[in-house]
Amino acid sequence: MKSPDSRRRSDRARTAILDAATAAVAELGYGKTTIEGIAARAGVGKQTIYRWWPSKGAVILDALLAEQNEIELPDTGDFTADLRKVLRATVEEFADANTSATLRALMIDMQHEPALSESVLERMLGPQLAATKRRLESAQQAGQLSADLDLDVAVEIIFGPIYHRWLLQTNPLDRAYADSLTHLAVRALS
């Protein structure tokens, strides 16, 4: 009799855990989600979770990343239209109550867990910033942006206002805001 493939069993358990984490956060919110609750939903012991992840934040990060596709910004040749599309999608994501609550809680945990902070920056934020920088380089090469533009600062100019408004909840995040931000960013970067 052939013994079960432990790698397949591990893959199934890992997928069940990430699915359970996503469901728990959607139903209960990040604050009420626990490792024990995730384990119960996934049908595994909590020690199985701790074997792969050091904290709830790390599990949730992997669950969020499992839903994320490879990041590449549109490049139609029209930088303004492409940026507008990206900023509208970003604002829409941050305005979503469930996504926003999860990301806020994850950012709070990052303040107390240096390893989680490093992982979020490297695995979630880093690829987004790199993709944005590649799109800016393309626009720069096409003559749509200033040739001497500091692209790292330019990325912060584009996304910094969204994070500011989102974190401090100063005003709504909506399409009109994304369009206004697009207009100002293109003027500043040109």
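The legends below describe close-up views of a predicted model. Residues are numbered from 1 along each chain as its sequence is written, and side-chain values use heavy atoms, with hydrogens and water left out. Because the model is predicted, local features need pLDDT of at least 70 and side-chain atom pairs count only at pLDDT 80 or more, whereas totals for chains, interfaces and linings use all residues.

**View 1. Salt bridge between Arg-41 and Glu-27.** The two side chains meet at 2.9 Å, N to O, a salt bridge being a side-chain nitrogen of Lys or Arg within 4 Å of a carboxyl oxygen of Asp or Glu. Arg-41 belongs to helix H2 (residues 35-42) and Glu-27 to helix H1 (residues 6-28), 14 residues apart; helices (H or I, at least four residues) are DSSP runs, numbered from the N terminus. Glu-27 is exposed, at 56% relative accessible area, while Arg-41 is partly exposed, at 37% (buried means under 20%, exposed over 50%, partly exposed in between, with a 1.4 Å probe and protein chains only).

**View 2. Salt bridge between Asp-75 and Arg-135.** The closest N and O atoms are 3.4 Å apart. Asp-75 lies in the loop between H4 and H5 and Arg-135 in helix H7 (residues 114-141), so the pair ties together parts that are 60 residues apart in sequence. Arg-135 is buried, at 5% relative accessibility, whereas Asp-75 is partly exposed, at 44%.

View 3. Thr-90 counts as buried, at 14% relative accessibility. Leaving aside neighbours within four places in sequence, Thr-90 is in contact (heavy atoms within 4.5 Å) with Phe-159 and Ile-162.

Technical notes:
Helix = DSSP H or I, 4+ residues; strand = E, 2+ residues; numbered from the N terminus.
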